[in-house]
Amino acid sequence: MRTGKTIGTLAADNLIVDGKHDLDVKGVSIVQAANAKAQEVSVEEDMTASKAYASGDLIQVGDNYYAASTSIAKDATLVAGTNVTALTVAAETDFVAASGYSANDYFTLNGVLYKVQAGGISAGGTIYTDTDDFPAYTIPRGTILQVSGTTASIFSDGTPDCILADDLVVETSGSYLVEAYKSGNFAKQTLNEINGITLSAANIEALRGKGIFVEGVE
């Protein structure tokens, strides 16, 4: 721990128990991934290529979308089933999927074509894109994190590893570098309230093995 560095929020919030175990932190990244990516699309007035296309390029003709299934020369005729493949495109009017989407599915949103990334979008799930801001939300200080390498996620059914030291406001997709307590003495009731769970004896023992001690505080 660097001397003179402020660790976490200093306002009293009943998270840290004074006493026996020194506080220390480590840096981890919390990743908010986009689940859909905007696609670059060339627009044609008719079924004739106004420029050369590489295999896989996306082409819009009228209200229909196609993928070049082979290289296409300028001025060549675009023929479905020959050199272009028609895409099945669903339309969404907001950021909630009416039905589930699998990876590599396409949909339009506000006139923009998107391709679903790995992981898909569940039915009724929120569509997060790489071009639009997320609805901002806050991960509160005291959130228990599980970690793989240097990437952290909110503890669910994995192994608890560390505790978020300050509130994190998430506004867009991307990687957020945060500081998390890797040692210290923490109030069990406060951790339960912040995380909306009841820490089990196994959870508490796993944290103890990491250097984090959890105490019941009256």
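Start with strands β3, β4, β5 and β6: they form an open sheet of four, in the order β3-β4-β5-β6, with mixed pairing. Keep in mind that this is a predicted model.

**Stop 1: the sheet**

Colour β3 (41–44) and β6 (84–86). These two strands stand at the edges, each with a single partner strand, so one side of each has no neighbour in the sheet. Now turn the view and follow the twist, which averages 35 degrees from one strand to the next. Strands of a sheet pair through backbone hydrogen bonds, either parallel or antiparallel.

Which way do β4 and β5 run? Select residues 58–61 for β4 and 64–68 for β5. They run antiparallel, and four bridges join them. Show leucine 58, then look across to β5: alanine 67 stands opposite.

**Stop 2: the rings**

Select Tyr101, Phe107 and Tyr114, which ring pairs link into a cluster. A pair of aromatic rings is described by the distance of the centres and the angle of the planes. Zoom in on phenylalanine 107 and tyrosine 114. How are their rings arranged? They are stacked, 5.5 Å centre to centre, with 20 degrees between the planes. Are phenylalanine 107 and tyrosine 114 buried or exposed? Both are buried.

**Stop 3: the largest core**

Next, show the side chains of Ile144, Ile163, Tyr181, Phe186, Leu191, Leu199 and Val214. These residues have the most contacts inside the largest nonpolar core, which has 14 residues. Colour β15 (174–187), α2 (201–210) and β16 (212–215): each supplies at least two residues of this core. Another core lies apart from it, with twelve residues, including Ala152, Cys162, Leu164 and Val170.

Go back to isoleucine 144 and display what surrounds this residue. Beyond four places away in sequence, isoleucine 144 touches residues that include Phe155, Pro160, Ile163, Leu191 and Leu199.

**Stop 4: helix α2**

Which residues of α2 are buried? Select Asn203, Ile204 and Leu207. Look down the axis of α2: these buried residues fall within an arc of 95 degrees, so they line one face of the helix. An α-helix has 3.6 residues a turn, so residues three or four places apart point the same way.

What do the buried residues of α2 pack against? Show α1 (188–195) and β16 to see their partners. End just after the helix, at glycine 211, which takes a positive phi of about 110 degrees.

Conventions: Residues numbered from 1 in each chain as written. Predicted model: local features only at pLDDT ≥ 70, side-chain atom pairs only at ≥ 80, totals over all residues. Heavy atoms only, no water. Core = buried A, V, L, I, M, F, W, Y, C linked by side-chain atoms within 4.5 Å. Buried < 20%, exposed > 50% of the residue type's maximum accessible area, 1.4 Å probe, protein only. Contact = heavy atoms within 4.5 Å. Phe/Tyr/Trp six-rings, centres within 6.5 Å; stacked < 30°, edge-to-face > 60°. Pairing = 2+ DSSP bridges. Axes fitted to C-alpha atoms, helices over the stretch in contact; angles between N-to-C directions. Arc of directions from axis to C-beta.
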